[in-house]
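Colleague: I'm new to this one and have a few questions. Can you put it up on the screen?
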Amino acid sequence: MASDTLTEAQWRQYERDGYLHLGRLLDDRQLAAMQQRLDDIMLGKADIDYGRMLMQLDSETGKYEDAGVQSRGHKGATLNYRKIQDLEIDPLFLAFIRRPLFHHICRRVHGPGPIGLFRAMFMNKPAGKGTWLPWHQDRWTDLDRDPQITIWLALDPATRANGCVQIIPGSHHELLNPEHASGFLTEQMAAERCTGDRVRYVELKPGEAMLLHNWLLHASDRNQSSQSRRAFSICYMDGHSVSKRGENFFPVFDADSEPANA
Ligand SMILES: O=C(O)CCC(=O)C(=O)O
(Lines give C-alpha, C1' and ligand atoms only; values in the text may rest on other atoms or scores of the structure.)
Protein backbone atom coordinates (compact mmCIF):
# COMPACT_ATOMS: atom_id res chain seq x y z
CA MET A 1 0.00 0.00 0.00
CA ALA A 2 1.19 3.55 -0.74
CA SER A 3 2.85 5.70 1.90
CA ASP A 4 1.21 8.71 3.58
CA THR A 5 3.65 11.14 1.99
CA LEU A 6 5.17 11.79 -1.42
CA THR A 7 8.91 11.86 -1.91
CA GLU A 8 10.71 14.85 -3.43
CA ALA A 9 11.25 12.77 -6.58
CA GLN A 10 7.49 12.19 -6.85
CA TRP A 11 6.83 15.91 -6.41
CA ARG A 12 9.28 16.70 -9.18
CA GLN A 13 7.58 14.19 -11.44
CA TYR A 14 4.17 15.70 -10.63
CA GLU A 15 5.40 19.22 -11.28
CA ARG A 16 6.86 18.15 -14.65
CA ASP A 17 3.97 15.97 -15.88
CA GLY A 18 0.94 17.47 -14.11
CA TYR A 19 -0.09 14.05 -12.84
CA LEU A 20 1.26 11.30 -10.63
CA HIS A 21 0.35 7.66 -10.16
CA LEU A 22 -0.22 7.16 -6.44
CA GLY A 23 -0.35 3.37 -6.42
CA ARG A 24 -2.90 1.21 -4.66
CA LEU A 25 -4.78 3.07 -1.91
CA LEU A 26 -7.55 0.60 -1.08
CA ASP A 27 -7.31 -2.99 0.08
CA ASP A 28 -9.82 -5.52 -1.22
CA ARG A 29 -12.24 -5.00 1.67
CA GLN A 30 -12.18 -1.19 1.36
CA LEU A 31 -12.63 -1.42 -2.39
CA ALA A 32 -15.60 -3.78 -2.09
CA ALA A 33 -17.18 -1.48 0.51
CA MET A 34 -16.97 1.57 -1.80
CA GLN A 35 -18.24 -0.37 -4.81
CA GLN A 36 -21.17 -1.73 -2.80
CA ARG A 37 -21.97 1.66 -1.31
CA LEU A 38 -22.12 3.34 -4.71
CA ASP A 39 -24.28 0.60 -6.16
CA ASP A 40 -26.61 0.90 -3.14
CA ILE A 41 -26.77 4.68 -3.61
CA MET A 42 -27.64 4.26 -7.30
CA LEU A 43 -30.24 1.60 -6.56
CA GLY A 44 -31.90 3.78 -3.91
CA LYS A 45 -30.99 1.36 -1.09
CA ALA A 46 -28.56 3.53 0.86
CA ASP A 47 -29.42 5.18 4.15
CA ILE A 48 -28.44 8.64 2.94
CA ASP A 49 -30.15 11.98 2.37
CA TYR A 50 -30.69 11.80 -1.39
CA GLY A 51 -32.07 15.35 -1.35
CA ARG A 52 -28.53 16.62 -0.62
CA MET A 53 -26.83 14.80 -3.48
CA LEU A 54 -26.48 15.96 -7.04
CA MET A 55 -27.29 12.99 -9.25
CA GLN A 56 -27.15 12.75 -13.04
CA LEU A 57 -28.23 9.86 -15.25
CA ASP A 58 -26.01 8.78 -18.11
CA SER A 59 -26.79 9.72 -21.69
CA GLU A 60 -28.86 7.29 -23.73
CA THR A 61 -27.20 8.41 -26.97
CA GLY A 62 -23.54 8.51 -25.90
CA LYS A 63 -23.50 12.26 -26.47
CA TYR A 64 -22.28 14.40 -23.58
CA GLU A 65 -25.00 16.98 -24.32
CA ASP A 66 -27.67 14.30 -23.89
CA ALA A 67 -26.66 13.25 -20.36
CA GLY A 68 -29.45 13.71 -17.81
CA VAL A 69 -30.14 16.83 -15.82
CA GLN A 70 -27.71 17.49 -12.95
CA SER A 71 -29.90 18.13 -9.95
CA ARG A 72 -30.39 16.99 -6.38
CA GLY A 73 -32.25 13.80 -5.62
CA HIS A 74 -32.52 10.21 -6.75
CA LYS A 75 -33.54 9.65 -10.36
CA GLY A 76 -34.53 5.98 -10.30
CA ALA A 77 -33.11 2.60 -9.26
CA THR A 78 -30.57 1.95 -12.00
CA LEU A 79 -26.81 1.56 -12.31
CA ASN A 80 -26.90 3.93 -15.28
CA TYR A 81 -25.81 7.03 -13.40
CA ARG A 82 -23.09 9.20 -14.90
CA LYS A 83 -22.31 11.39 -11.94
CA ILE A 84 -23.14 11.55 -8.24
CA GLN A 85 -21.76 14.47 -6.31
CA ASP A 86 -21.71 15.52 -2.61
CA LEU A 87 -20.39 12.15 -1.45
CA GLU A 88 -18.72 13.82 1.52
CA ILE A 89 -22.03 13.43 3.34
CA ASP A 90 -21.31 9.69 3.46
CA PRO A 91 -18.84 8.75 6.26
CA LEU A 92 -17.19 6.08 4.10
CA PHE A 93 -16.21 8.60 1.44
CA LEU A 94 -15.44 11.35 3.94
CA ALA A 95 -12.90 9.14 5.71
CA PHE A 96 -11.16 8.59 2.38
CA ILE A 97 -11.25 12.31 1.51
CA ARG A 98 -9.53 13.03 4.83
CA ARG A 99 -6.74 10.49 4.47
CA PRO A 100 -3.30 11.62 5.71
CA LEU A 101 -1.78 11.29 2.22
CA PHE A 102 -4.25 13.81 0.81
CA HIS A 103 -3.69 16.08 3.81
CA HIS A 104 0.03 15.97 3.07
CA ILE A 105 -0.60 16.78 -0.61
CA CYS A 106 -2.98 19.64 0.20
CA ARG A 107 -0.52 21.15 2.70
CA ARG A 108 2.30 21.07 0.18
CA VAL A 109 0.16 22.70 -2.50
CA HIS A 110 -1.85 25.17 -0.41
CA GLY A 111 0.35 25.89 2.61
CA PRO A 112 -0.96 26.22 6.17
CA GLY A 113 -4.46 27.65 5.51
CA PRO A 114 -7.78 25.81 5.64
CA ILE A 115 -8.52 23.31 2.87
CA GLY A 116 -12.00 22.96 1.41
CA LEU A 117 -13.70 20.58 -0.93
CA PHE A 118 -14.83 21.76 -4.33
CA ARG A 119 -16.47 18.43 -5.07
CA ALA A 120 -16.37 14.73 -4.22
CA MET A 121 -18.00 12.78 -6.99
CA PHE A 122 -18.65 9.39 -8.44
CA MET A 123 -17.84 9.37 -12.17
CA ASN A 124 -19.27 6.35 -13.89
CA LYS A 125 -19.26 4.91 -17.35
CA PRO A 126 -21.70 2.02 -17.20
CA ALA A 127 -20.86 -1.06 -19.29
CA GLY A 128 -21.46 -0.30 -22.96
CA LYS A 129 -22.52 3.26 -22.19
CA GLY A 130 -20.93 6.51 -21.04
CA THR A 131 -20.20 9.63 -23.00
CA TRP A 132 -17.20 11.22 -24.66
CA LEU A 133 -16.14 13.84 -22.10
CA PRO A 134 -14.42 16.52 -24.20
CA TRP A 135 -10.95 17.88 -23.52
CA HIS A 136 -10.94 20.33 -20.66
CA GLN A 137 -9.05 21.78 -17.72
CA ASP A 138 -10.76 21.67 -14.33
CA ARG A 139 -11.39 25.33 -13.54
CA TRP A 140 -14.51 27.35 -13.01
CA THR A 141 -14.98 31.05 -13.67
CA ASP A 142 -17.39 31.57 -10.78
CA LEU A 143 -14.55 30.96 -8.29
CA ASP A 144 -12.20 33.72 -7.19
CA ARG A 145 -9.25 31.29 -7.40
CA ASP A 146 -8.64 27.99 -9.13
CA PRO A 147 -8.72 24.71 -7.23
CA GLN A 148 -5.34 23.07 -7.79
CA ILE A 149 -5.64 19.34 -7.29
CA THR A 150 -7.82 16.34 -7.92
CA ILE A 151 -7.45 12.78 -6.68
CA TRP A 152 -8.95 10.25 -9.08
CA LEU A 153 -9.52 6.77 -7.66
CA ALA A 154 -10.36 3.79 -9.88
CA LEU A 155 -13.06 1.53 -8.47
CA ASP A 156 -12.99 -0.81 -11.47
CA PRO A 157 -10.16 -1.53 -13.88
CA ALA A 158 -9.84 1.73 -15.85
CA THR A 159 -8.74 0.81 -19.36
CA ARG A 160 -8.75 2.26 -22.83
CA ALA A 161 -11.68 0.00 -23.64
CA ASN A 162 -13.92 1.27 -20.85
CA GLY A 163 -13.05 4.97 -21.02
CA CYS A 164 -10.09 5.59 -18.72
CA VAL A 165 -8.96 9.19 -18.31
CA GLN A 166 -6.77 10.48 -21.17
CA ILE A 167 -4.31 13.26 -20.52
CA ILE A 168 -1.73 15.44 -22.21
CA PRO A 169 1.34 15.18 -19.94
CA GLY A 170 2.92 18.52 -19.11
CA SER A 171 -0.07 20.57 -20.33
CA HIS A 172 -0.84 22.07 -16.91
CA HIS A 173 1.30 25.20 -17.20
CA GLU A 174 -1.06 27.19 -19.37
CA LEU A 175 -4.74 28.03 -19.12
CA LEU A 176 -6.12 27.63 -22.62
CA ASN A 177 -9.69 28.87 -22.68
CA PRO A 178 -10.15 31.13 -19.66
CA GLU A 179 -13.49 32.42 -20.96
CA HIS A 180 -15.17 29.04 -20.76
CA ALA A 181 -17.16 28.71 -17.52
CA SER A 182 -15.81 25.22 -16.79
CA GLY A 183 -12.53 25.02 -18.66
CA PHE A 184 -13.58 23.26 -21.88
CA LEU A 185 -11.42 23.70 -24.96
CA THR A 186 -12.82 24.77 -28.30
CA GLU A 187 -12.87 22.03 -30.94
CA GLN A 188 -10.04 23.78 -32.72
CA MET A 189 -7.87 23.91 -29.60
CA ALA A 190 -8.47 20.22 -28.95
CA ALA A 191 -7.66 19.33 -32.58
CA GLU A 192 -4.40 21.27 -32.36
CA ARG A 193 -3.19 19.96 -29.01
CA CYS A 194 -4.90 16.74 -28.01
CA THR A 195 -4.20 14.20 -30.73
CA GLY A 196 -1.77 11.44 -31.71
CA ASP A 197 1.26 10.67 -29.58
CA ARG A 198 0.58 13.52 -27.19
CA VAL A 199 -2.35 11.64 -25.65
CA ARG A 200 -1.62 9.29 -22.75
CA TYR A 201 -4.27 6.84 -21.55
CA VAL A 202 -4.02 6.42 -17.80
CA GLU A 203 -4.97 2.84 -17.16
CA LEU A 204 -5.39 1.96 -13.48
CA LYS A 205 -6.25 -1.14 -11.52
CA PRO A 206 -9.16 -1.10 -9.06
CA GLY A 207 -8.12 0.69 -5.86
CA GLU A 208 -5.31 2.61 -7.56
CA ALA A 209 -5.36 6.41 -7.69
CA MET A 210 -3.69 9.31 -9.41
CA LEU A 211 -3.08 12.91 -8.48
CA LEU A 212 -4.03 15.39 -11.21
CA HIS A 213 -3.15 19.05 -11.54
CA ASN A 214 -6.46 20.75 -12.33
CA TRP A 215 -5.06 22.53 -15.37
CA LEU A 216 -3.87 19.25 -16.91
CA LEU A 217 -5.73 18.68 -20.17
CA HIS A 218 -7.90 15.62 -19.82
CA ALA A 219 -10.85 13.84 -21.42
CA SER A 220 -12.44 10.39 -21.40
CA ASP A 221 -14.20 8.26 -23.95
CA ARG A 222 -17.31 6.11 -24.01
CA ASN A 223 -17.23 2.68 -22.45
CA GLN A 224 -17.03 0.15 -25.26
CA SER A 225 -16.68 -2.88 -22.99
CA SER A 226 -18.85 -5.01 -20.76
CA GLN A 227 -16.94 -3.80 -17.65
CA SER A 228 -18.27 -0.73 -15.84
CA ARG A 229 -15.79 2.09 -15.20
CA ARG A 230 -16.58 3.44 -11.76
CA ALA A 231 -14.35 6.09 -10.20
CA PHE A 232 -14.30 8.49 -7.27
CA SER A 233 -12.89 11.95 -7.96
CA ILE A 234 -12.09 14.50 -5.25
CA CYS A 235 -11.22 18.11 -6.00
CA TYR A 236 -9.69 20.07 -3.10
CA MET A 237 -9.45 23.85 -2.89
CA ASP A 238 -8.06 26.72 -0.85
CA GLY A 239 -10.50 26.97 2.06
CA HIS A 240 -10.80 30.75 1.59
CA SER A 241 -12.14 30.36 -1.97
CA VAL A 242 -15.29 32.33 -2.75
CA SER A 243 -17.87 31.52 -5.41
CA LYS A 244 -19.89 34.20 -7.16
CA ARG A 245 -22.82 31.81 -6.86
CA GLY A 246 -22.61 32.07 -3.07
CA GLU A 247 -21.84 28.38 -2.59
CA ASN A 248 -20.50 27.13 0.74
CA PHE A 249 -17.69 24.64 0.46
CA PHE A 250 -17.22 21.71 2.80
CA PRO A 251 -14.22 22.17 5.14
CA VAL A 252 -11.81 19.23 4.86
CA PHE A 253 -8.69 20.20 6.82
CA ASP A 254 -8.44 23.02 9.38
CA ALA A 255 -5.79 25.72 9.07
CA ASP A 256 -2.44 24.68 10.54
CA SER A 257 -3.53 21.08 11.03
CA GLU A 258 -0.92 18.44 10.23
CA PRO A 259 -1.43 15.04 8.60
CA ALA A 260 -1.99 12.44 11.32
CA ASN A 261 0.65 9.91 10.27
CA ALA A 262 3.11 11.97 8.30
O1 LIG B 1 -13.79 10.38 -14.79
C2 LIG B 1 -13.68 10.93 -15.88
O3 LIG B 1 -13.91 10.37 -16.93
C4 LIG B 1 -13.22 12.36 -15.95
C5 LIG B 1 -13.14 12.94 -14.61
C6 LIG B 1 -12.82 14.39 -14.57
O7 LIG B 1 -12.86 15.12 -15.53
C8 LIG B 1 -12.43 14.88 -13.25
O9 LIG B 1 -12.40 14.10 -12.31
O10 LIG B 1 -12.14 16.07 -13.17
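Modeller: One term before we start: two strands pair if DSSP finds at least two bridges between them. Also keep in mind that this is a predicted model.

Colleague: OK. How many bridges join β8 to β9?
Modeller: Two bridges join them, and the two strands run antiparallel. Strand β8 covers residues 165-167. For one of its residues, Gln-166, the bridge partner in β9 is Tyr-201.

Colleague: What order do the strands of that open sheet come in?
Modeller: The order is β6-β11-β8-β9, four strands with antiparallel pairing.

Colleague: And which strands stand at the edges?
Modeller: Those are β6, residues 133-136, and β9, residues 200-201. Each has a single partner strand, so one side of each is left without a neighbour in the sheet.

Colleague: Switching to the ligand. Where does the ligand sit?
Modeller: In the largest pocket.

Colleague: Which residues come nearest to it?
Modeller: There are 13 residues around the ligand, and the nearest are Asp-138, Trp-152, Ser-220, Arg-229 and Ser-233.

Colleague: How much of the ligand's area does the protein bury?
Modeller: The protein buries 99% of the 290 Å² that the ligand exposes when taken alone.

Colleague: Back to the strands, then. Which ones supply at least two residues of the shell around the ligand?
Modeller: β5 (115-125), β6, β11 (218-220) and β12 (229-238) each do. The largest share, four residues, comes from β5.

Colleague: Last one: how do the shell residues divide into nonpolar, polar and charged?
Modeller: Five are nonpolar, four are polar and four are charged.

Methods: Residues numbered from 1 in each chain as written. Predicted model: local features only at pLDDT ≥ 70, side-chain atom pairs only at ≥ 80, totals over all residues. Heavy atoms only, no water. Near = heavy atom within 4 Å. Areas by Shrake-Rupley, 256 points an atom, 1.4 Å probe, with all protein chains shown as cover. 1 Å grid on protein atoms, 1.4 Å probe; cavity = no way out; pocket = protein on both sides within 12 Å on 5 of 7 lines; lining within 4 Å. Sits in = over half its atoms within 2 Å of the grid points. Nonpolar A, V, L, I, M, F, W, Y, C, P; charged D, E, K, R; others polar.
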